[in-house]
Amino acid sequence: MTNGEWTPRIVAFFCNWCTYTAADLAGVSRLKYAANVRIIRVMCSGRVDPQFILEAFAKGADGVLIGGCHPNDCHYSEGNYKMLRRFQLLRRMLPEMGIENDRLRLEWISAAEGEKVKWAINDMVEKVQALGSLGMPGRFQDWDQEMKSLEQKMTTPEEKEVAYAH
Amino acid sequence: MDNNNEIRIGFYICHCGSNIAGMVDVADVAQYVEKLPGVALSRHYKYMCSDPGQELIQQDIKDHKLNRVVVASCSPLLHEHTFRQATEKGGLNPFFFHMVNIREHDSWVHTDRQAATEKAKALASAAIQRVAYHKPLEMKKVPIHPDVLVVGGGIAGIHAALTLANAGKKVYLVERDPTIGGHMARFDKTFPTLDCAACILTPKMSAVGSNPNITLWSYSEVAEVKGYVGNYKVTVRRKPRYVHEDLCVGCQECIKACVYKEPKFPDEFNEGLGKRKPIYIPFPQATPQVVLIDPETCLQLKLGKCKQTCVAACADRQAIDFHQKEELKQIDVGTIILATGFKTFDAKRLAAYGYGVHQNVYTALEVERLVNASGPTGGEVVLRDGQKPKAIGIIHCVGSRDEKTNRWCSRVCCMYSLKLAHLLKEHSDPATEIYNFYIDMRTPGKGYDEFYDKLLDEGVHFIRGRVGEVTDWAFTPEEEGKLVMRVEDTLAGYVRRIPVDMVVLATGLEPHTDAQAVRRMFNMSCGSEGFFLERHPKLAPVSTFTDGVFIAGCCQGPKDIPDTVAQAGAAAAEAMALIDKKYIEQEPNTAFVDETDCSGCKSCVPLCPYSAISFVEDKKKAVINEALCKGCGTCVAACPSGSIHQNLFEDEEIFKEIEGVLAYD
Amino acid sequence: MKYAYYPGCSLRGTGRAYEESLLPVFKALGVEWQEIEDWNCCGATAYMAVDEVKSCVLAARNLAIAEKAGYSDIVAPCSACYLVLNKARHYVEESKAIANTVRRALKTANLTYNCKVKVRHPLDVLVNDVGLDRIKKRVTRPLRELKVVPYYGCQIVRPYSTFDDQANPTAMDRLLNALGAELVYYPLKTRCCGGSLTGTLPEPGLLCTYILLKEAIKRQADVMSTCCSLCQFNLDAYRDKIAAKWEPVEIPVVFFSQLMGLAFGLPAEQIGLQRGFAPMKPLPAPGVAA
């Protein structure tokens with residue numbers, strides 16, 4: 001958090017060959033973009049396990065950005081397509097968990113597209129900023145609390161019926 | 001993680017002069033990291049990649065019994081290797097090292113010092129958490145096939161092939177056109193020395209033709225590339241020339257004998273300014289010295305009806321074969337050099353200059369042929385309308401430094417425009433006026449600016465301004481029948497109309513139209529302008545992101561002949577370094593199956609693009625062939641039981657990294 | 001699709017022949033349009049130069065009216081209107097400050113503008129939406145013996161080239177070609193017609209006009225075809241002054257839509273052909289005499 005104003009925290013998974021290199025290019029070109037994104041390098045966007053994405057949200061990320069090579073350009077032929085498939089499935093699932101679609105983003109960024117890294121990050125930060133904090137760790141705490149109180153109620157015999165009716 | 005030993009991490013944050021320290025409070029980050037669990041020592045230092053920086057790591061490993069090392073500095077693509085070596089020299093397995101990118105991904109891209117420092121802390125914290133889980137690994141060794149494929153037979157490909165062949169390496173040189181020589185073979189003279197292009201190029205061309213280590217396949221294209229560094233399997237398509245290369249002796253009797261008594265069809269080598277017959281040789285010094293038949297214009301091939309006087313002339317040599325078919329050749333090579341060159345900007349795209357509308361507007365390459373003694377006019381400057389020009393205008397930067405077409409400077413046009421100005425003056429009436437219209441004169445190079453001075457003395461006019469249009473509408477009687485060049489003379493400060501008889505367009509250099517298809521075939525990247533992307537613009541200018549594939553010459557970006565030859569030599573040396581080492585070390589980032597957890601579901605098997613995963617029927621388990629695995633990790637992410645692991649990118653390592661980047665608020 | 005139609009002042013004044021020919025041509029091709037209600041002056045280029053922001057508000061009001069009525073495209077035949085409306089759209093899109101001022105101003109009139117309406121030139125609509133094939137099919141009197149100079153003027157391609165090449169626009173060339181006309185190579189197709197200079201600094205303004213007319217005659221054209229009501233007026237209306245200063249330049253200057261009307265067999269007086277100062281020679285039979 002900077003100057004007291006809330007800013008989102010975004011975890012990015014960038015593939016080694018295209019998007020990570022593009023982010024290096026953005027650096028070498030001294031482009032300026034929002035400081036909210038933390039980049040984790042993987043060899044291929046195909047390595048991004050849906051669990052990584054869920055884990056990032058669970059641990060407090062407000063958004064997750066995945067960067068891979070353009071279709072047809074994957075260093076490993078087709079890892080990016082595998083990521084696209086998982087991404088489509090996740091996009092169907094996440095809203096049901098209360099995670100808005102704009103919080104998960106997949107971008108094809110080639111090694112030459114430093115400008116696109118800048119744009120994707122700034123655009124994503126702006127959109128997630130508008131959505132506000134996701135606060136999964138806090139929600140987990142609330143749910144744990146709720147579960148605990150329900151369990152307590154269920155173990156108290158006279159309130160058992162109420163608990164079931166609920 | 002080794003449970004017997006306590007984790008002792010050494011953390012180093014680099015100032016990189018002021019590159020990092022100017023935007024990130026490095027002392028603050030070091031202080032923060034010092035308190036993280038497992039950190040035995042945390043330092044900041046001016047230049048970690050310097051010798052003292054690396055020695056610091058080595059000494060600390062010994063003095064402080066470190067067993068993990070984290071360096072926060074530039075991109076791992078730049079210095080990961082350096083610090084792994086330092087870690088190894090300190091006595092640790094090099095993979096007990098992890099690198100944090102706080103320059104390209106942090107200090108260089110942010111403007112708020114506090115936010116940049118916080119980001120550095122988060123990234124450092126992730127690395128600290130992750131590195132504890134690192135395992136000792138060994139580099140993978142892949143043997144290198146000693147043969148080399150060179151694609152493109154311009155001066156770059158020729159020089160690379162000869163360098164390799166002279167060192168005793170076997171080279172396949174594949175050229176798309178019927179002859180090698182590329183663009184250089186069509187130039188008249190070369191700047192700034194004005195030595196004749198053919199005189200310096202053709203000896204090298206014939207050296208290629210006669211070198212026993214070089215297999216020259218002209219009129220051929222690479223059709224498919226499979227495999228990886230050290231072991232590429234390449235398919236080359238040999239287009240039919242309808243003449244057997246091994247039987248043709250280059251006597252050219254067949255050309256004389258052709259039923260077309262006079263050359264009738266536009267001659268590609270002369271940019272269509274001259275004519276050729278359906279059976280032809282591109283130019284006298286073509287290599288190989290073998291004729292070919294153009295199926296589009298040959299009566300026998302087109303209509304199936306001809307007296308076949310060429311066959312009669314060839315007589316018992318029987319080199320002509322109208323039934324010749326395309327041939328596919330398979331070769332094994334260990335390394336590849338791409339020297340596929342460039343194409344010149346299509347001048348028709350700039351309608352204002354009237355190329356293709358006004359017949360006396362020429363491209364520079366056409367003028368090269370026009371002033372060439374062996375060109376279509378025998379070196380006489382005669383226009384398409386048969387006139388000799390009395391005034392000539394040369395427009396610089398056509399398709400260069402222009403937001404509407406190409407933004408880049410093509411680097412050679414100023415110099416070749418000067419050269420053409422000189423040659424046109426030499427080949428025309430001494431009273432001929434020559435105007436150069438330029439934006440900026442760019443003459444950096446040995447002897448280049450001196451050449452510019454010489455041209456100024458020769459009385460060539462230089463007008464600073466981008467020409468607005470070349471038009472045939474006359475405003476005054478003197479302009480009637482002329483081409484009028486409208487330009488704002490930015491030094492004189494007014495708009496001028498200059499009537500000329502001939503306009504030369506100094507067209508820029510562009511990537512080939514099929515550059516994207518070619519780069520895909522070789523699994524490379526292109527820059528935004530479409531030229532092949534080098535691994536590092538300064539430190540790895542001829543390497544690509546694909547190991548074992550090198551680039552040289554204008555396919556990487558516009559450059560002149562000296563630079564092209566230097567790059568070709570560099571690419572040859574890079575290939576040789578691999579060949580002579582006999583193997584290449586590769587990241588051990590391969591995947592492996594933990595058989596105890598594998599349920600035998602086979603989900604992973606079809607996912608692998610390299611067919612590295614197979615299913616062992618008797619054990620009902622998947623197994624990964626390490627030699628085939630390229631380390632993408634797609635199978636790891638897809639395994640439902642979590643039984644596939646990837647070295648360097650283990651699940652727990654990434655989970656820890658996620659936790660780490662989010663741990664710092 | 002129905003287009004919002006913005007005539008602007010000139011199509012009701014000096015450029016009346018443009019509207020008189022364009023609307024019947026639209027009708028013949030089945031293009032539906034509706035004039036937007038209560039439209040106001042686009043501000044033209046002059047107001048833009050005086051106060052950019054206020055002129056944007058003025059132009060944006062028209063776009064907001066079209067947007068409110070649910071249109072996705074607004075057709076502005078006059079090149080000046082076309083340019084100014086486009087410019088307003090660009091400014092609102094690209095500058096938050098201008099967008100805010102425009103929004104505030106429009107709000108007082110209960111209007112909003114969200115950059116949803118696209119500004120279209122009739123040439124764009126005819127060539128790209130209707131298509132040359134449909135136009136060709138509608139031609140009953142091909143203009144085979146007519147040598148036409150396609151003249152575009154400046155504002156349709158500069159500074160925005162939304163549907164055509166900036167240096168060498170070809171939409172009208174292709175359209176005239178579809179009508180069967182013979183095109184004359186005319187390198188001055190986007191050169192200045194003199195514009196508003198004829199009113200303020202007549203000397204250089206008239207010279208511009210003269211050059212265009214003289215060059216068209218020199219290239220043996222029968223007629224000049226324009227797509228801008230201001231160009232048409234400039235080229236047509238100052239012939240006496242040009243004749244007094246240089247030489248007579250008698251070549252008819254018509255709108256492309258008038259040539260379309262001719263090719264579609266519409267009667268000459270119904271497409272405003274009687275309004276030009278230099279009359280077009282009647283087309284020889286067969287077909288409709290002009």
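**Chain B against chain C.** I began with the salt bridges between chain B and chain C, and the count in this predicted model came to two. I noted one of them by name, the pair Lys218(C) and Glu480(B), whose closest N and O atoms lie 3.2 Å apart. I then looked up the composition of the side of chain B that touches chain C, and its residues divide into five nonpolar, two polar and five charged. For polar contacts I found three residue pairs between chain B and chain C, with both residues of each pair at pLDDT 80 or more. The contact draws twelve residues from chain B and twelve residues from chain C, and together the two chains bury about 950 Å², with 54% of that area on carbon and sulfur atoms.

**Chain A against chain B.** Next I turned to the contact between chain A and chain B, which takes 55 residues from each of the two chains. The buried area here is about 4,600 Å², and carbon and sulfur atoms give 58% of it. I counted five salt bridges across this interface, and I wrote down Glu80(B) with Arg41(A), for which the closest N and O atoms are 3.4 Å apart. The search also returned 17 residue pairs in polar contact between chain A and chain B, both residues at pLDDT 80 or more.

I then asked which elements of chain A each supply at least two residues to the side that touches chain B, and the list holds strand E1 (10-15), helix H1 (19-28), strand E2 (37-42), helix H2 (50-58) and helix H3 (79-93). The largest share of that side, seven residues, comes from H1(A). By class, I recorded 28 nonpolar, twelve polar and 15 charged residues on the side of chain A that touches chain B.

**Glu80(B) within its own chain.** I checked the accessibility of the pair, and both Glu80(B) and Arg84(B) are buried.

**Chain B as a whole.** For chain B I noted 17 helices and 34 strands, and its C-alpha atoms fill a box of roughly 90 × 70 × 40 Å along the principal axes. Of its 665 residues, 57% count as buried, and the accessible surface comes to about 27,600 Å², with 51% belonging to carbon and sulfur atoms. Among the contacts in chain B with a separation of 6 or more, 69% are between residues 24 or more positions apart.

**Other salt bridges.** In helix H4 (residues 114-131) of chain A I looked at Lys127(A) and Asp123(A), which stand four residues apart, about one turn of the helix, with their closest N and O atoms 2.9 Å apart. Lys127(A) is partly exposed at a relative accessible area of 36%, whereas Asp123(A), at 18%, counts as buried because the cut-off is under 20%.

In chain B I noted Lys656(B) and Glu659(B), three residues apart in helix H17 (residues 651-663), and their closest N and O atoms are 3.5 Å apart. Glu659(B) is partly exposed, with a relative accessible area of 26%. My last entry is a network in which salt bridges that share partners join Arg105(A), Glu107(A), Lys116(A), Asp123(A) and Lys127(A).

Technical notes:
Residues are numbered from 1 along each chain as its sequence is written. Chains are lettered from A and ligands numbered from 1 in the order in which they are written. This is a predicted model: local features need pLDDT of at least 70, side-chain atom pairs count only at pLDDT 80 or more; totals for chains, interfaces and linings use all residues. Side-chain values use heavy atoms; hydrogens and water are left out. Contact means heavy atoms within 4.5 Å. Buried area is the accessible area (1.4 Å probe) that two parts lose on being put together, summed over both. A salt bridge is a side-chain nitrogen of Lys or Arg within 4 Å of a carboxyl oxygen of Asp or Glu. A polar contact is a pair of N or O atoms within 3.5 Å; within protein, one must be able to donate a hydrogen and the other to accept it, and residues adjacent in sequence count only if both atoms are side-chain atoms. Ala, Val, Leu, Ile, Met, Phe, Trp, Tyr, Cys and Pro count as nonpolar, Asp, Glu, Lys and Arg as charged, and the others, Gly among them, as polar. Buried means under 20% relative accessible area, exposed over 50%, partly exposed in between (1.4 Å probe, protein chains only). Accessible areas come from the Shrake-Rupley method with a 1.4 Å probe; for residues, only the protein chains shown count as cover.
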